[in-house]
Amino acid sequence: MNLTVLLGSLAAVFVVAAISWLMGLGRIPRIGSEADARQLAREAHSGFQPTGAAVSIDGKAALVAGQGGDYVLLRDHGANVAARVLHEAPSIRRDGAMLIVETGEMMFGDLHLELEDDATQHWTDQLTSQAGAIAHG
């Protein structure tokens, strides 16, 4: 193999890798804060007005409550964040500090939110007062 061809190929690989890195490809999406979750929920649901958000400690999922009883569920999905809109309070389960939101959707799956203990209790109280559906695990 010609040395020029080898060096040219390596340079091309590095250029493609650099472009991919600059475009953010391959990054794991993170929901860094409640403000991020609120903004993502507004983008997912036109006219949505968030009133509160619970963001998992690992930044991989969030539950956003809105005016009028709507909820937006957010979770990482590849290099993006997937969203589901619910028009009523979701069914939940609690396992210690883990709040499990049952979506009933096979493709989206249940949402697992690892929260601080006081936040888990707050959201458990809020959702059960609206939905009346909880199981302790």
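A: Let us begin with charge pairs. Side chains of opposite charge can pair when their charged atoms come close. In this predicted model, Asp110 and Arg93 form a salt bridge whose closest N and O atoms are 3.7 Å apart. The two residues belong to distant parts of the chain: Asp110 sits in the loop between β6 and β7, Arg93 in strand β5 (residues 91-95), and 17 residues separate them.

Q: How should I describe the exposure of Arg93, Glu102 and Asp110?

A: A residue is called buried under 20% relative accessible area and exposed over 50%, with partly exposed in between. Arg93 has 30% relative accessibility and therefore counts as partly exposed. Glu102, with a relative accessible area of 32%, is partly exposed, and Asp110, at 27%, is partly exposed as well.

Q: How many salt bridges does the structure hold, and which residue meets Arg84 in one of them?

A: There are three salt bridges in the structure. The side chain of Glu105 meets that of Arg84, with an N to O distance of 2.7 Å. Glu105 lies in the loop between β6 (98-102) and β7 (111-114), while Arg84 lies in strand β4 (residues 80-86), so this pair ties together parts that are 21 residues apart in sequence. Glu105 is partly exposed at a relative accessible area of 32%, and Arg84 is partly exposed at 27%.

Q: Turning to the strands, how many residues of strand β2 are buried?

A: In strand β2 (residues 61-66), six of the six residues are buried, and the strand is mostly covered.

Q: Which residues of β2 point one way, and which the other way?

A: In a regular strand the side chains alternate between the two faces of the sheet. In β2, Ala61, Leu63 and Ala65 point one way, Ala62, Val64 and Gly66 point the other way, and all of them are buried.

Q: How does β2 pair with strand β1, and which residue is the bridge partner of Val55?

A: Strand β1 (residues 50-55) pairs with β2 in the antiparallel sense over five bridges. The partner of Val55 in β2 is Ala62. In the hairpin of these two strands, five residues lie between them, and Gly59 takes a positive phi near 75°.

Q: In which sense do β2 and strand β3 run, and what stands opposite Ala65?

A: β2 and strand β3 (residues 71-77) run antiparallel and are joined by five bridges. Tyr71 in β3 stands opposite Ala65. The hairpin of β2 and β3 has four residues between the strands, and Gly68 takes a positive phi near 85° there.

Q: How many bridges pair β3 with β4?

A: Seven bridges pair β3 and β4, again in the antiparallel sense. Tyr71 stands opposite Leu86 in β4. In the hairpin of β3 and β4, two residues lie between the strands, and Gly78 in the turn has a positive phi of about 65°.

Q: What is the overall order of elements in the protein chain?

A: The chain contains three helices and eight strands. From the N terminus on, the order is α-α-β-β-β-β-β-β-β-α-β. Of the 137 residues, 33% count as buried. Among contacts with a separation of 6 or more, 46% are accounted for by residues 24 or more positions apart.

Q: Which residues form a nonpolar patch on the surface?

A: The patch is formed by Leu3, Leu6, Leu7, Leu10 and Phe14, which together have about 520 Å² of accessible area. Leu10 is found in helix α1 (residues 3-23) and is partly exposed, with a relative accessible area of 42%. For the protein chain, the accessible surface comes to about 8200 Å², and 56% of it belongs to carbon and sulfur atoms.

Q: Where is the pLDDT below 50?

A: The chain averages a pLDDT of 85, and 89% of the residues score at least 70. Over residues 132-137 the pLDDT is below 50, and this stretch has 15 contacts in the model beyond near neighbours in sequence.

Notes: Residues numbered from 1 in each chain as written. Predicted model: local features only at pLDDT ≥ 70, side-chain atom pairs only at ≥ 80, totals over all residues. Heavy atoms only, no water. Salt bridge = Lys/Arg side-chain N within 4 Å of Asp/Glu carboxyl O. Buried < 20%, exposed > 50% of the residue type's maximum accessible area, 1.4 Å probe, protein only. Pairing = 2+ DSSP bridges. pLDDT = per-residue confidence, 0-100. Contact = heavy atoms within 4.5 Å. Patch = residues over 30% accessible without salt bridge, like charges linked within 9 Å, V, L, I, M, F, W, Y side chains within 5 Å. Areas by Shrake-Rupley, 256 points an atom, 1.4 Å probe, with all protein chains shown as cover.
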